[in-house]
Amino acid sequence: MSARKQARNQGGRPRDSRVDEAIASAVRELLTEVGYARLTMAEVAARAGVGKAAIYRRHATKQEMIFDVLVPDRFLAVAPDRGSLRADLAAVLAEIAATMASPPQGTVPGLLADVHADPALRDRFDEKYLGAQRQTLTEILDRAAARGELATRPDPATLNALLVGPVFAWLFLLSESPDRLPALTSALLDATLALTSPGSPGAPDTSGSEIATRPGPRT
């Protein structure tokens, strides 16, 4: 049995939630103080006041421990329903921005690199974060289509990229300030809605009346 399976299949008494909270608090503090690359399980155990065995009963690796602290729940388990496509997408963008901007500098790029190097951890990332985002966006698009807000229904994966990519680039490639994220997300909403709303330049003409009555070229 792998170390990961052993860590998740320990029998005996129930886990103490106070230990979980102490570990999570220690991880967050140490990420701020020493950074993602230098954080160790031993330092977390010392800061949390627990033995390393208590950590290994919960998390098989450092990467898994940090992932579980930073991504404790499924992304927006309940899709936001604020009454309009813009309001729903604004809620999704706010959650995406908070997820990326809240951890200390260097944490998200480092964790993502390790997630992609670990197939099991990547599967969990897809399930709890990426897959959950796609499902949330699919539900939002379904509601927007029912309300008549969409001229054309975008592919959820494409919409996901349109929302996540600029935020990631803003924070980790361009090194712009998180304080300016609200202006970026507002511009992203404008651009996304311009591609999908009825009457937008890229939307198909569904009236057909002018085309049907317009005389053809003379021969």
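I will go through some of the salt bridges and where their residues sit. Keep in mind that this is a predicted model.

Searching the whole structure gives 12 salt bridges. I will pick out a few.

Start with Asp-68 and Arg-124, whose side chains form a salt bridge at 2.6 Å, N to O. Asp-68 belongs to helix H5, residues 62-70, and Arg-124 to helix H8, residues 119-146. The two are 56 residues apart, and the pair links distant parts of the chain. Are these two residues buried or exposed? Both Asp-68 and Arg-124 are buried.

Next, Arg-143 and Asp-81. Their side chains meet in a salt bridge too, at 3.5 Å, N to O. What does this pair tie together? Arg-143 is in helix H8, while Asp-81 is in the loop between H5 and helix H6, residues 85-101, so the contact joins parts that lie 62 residues apart in sequence. Arg-143 has a relative accessible area of 22%. Buried would require under 20%, so Arg-143 counts as partly exposed.

Glu-149 is partly exposed, at 22% relative accessible area. Arg-147 is also partly exposed, with 33% relative accessibility.

Now, which residues are linked in a network of salt bridges? The members are Asp-81, Asp-88, Arg-143, Arg-147 and Glu-149.

Definitions and conventions. Residues numbered from 1 in each chain as written. Predicted model: local features only at pLDDT ≥ 70, side-chain atom pairs only at ≥ 80, totals over all residues. Heavy atoms only, no water. Salt bridge = Lys/Arg side-chain N within 4 Å of Asp/Glu carboxyl O. Helix = DSSP H or I, 4+ residues; strand = E, 2+ residues; numbered from the N terminus. Buried < 20%, exposed > 50% of the residue type's maximum accessible area, 1.4 Å probe, protein only.
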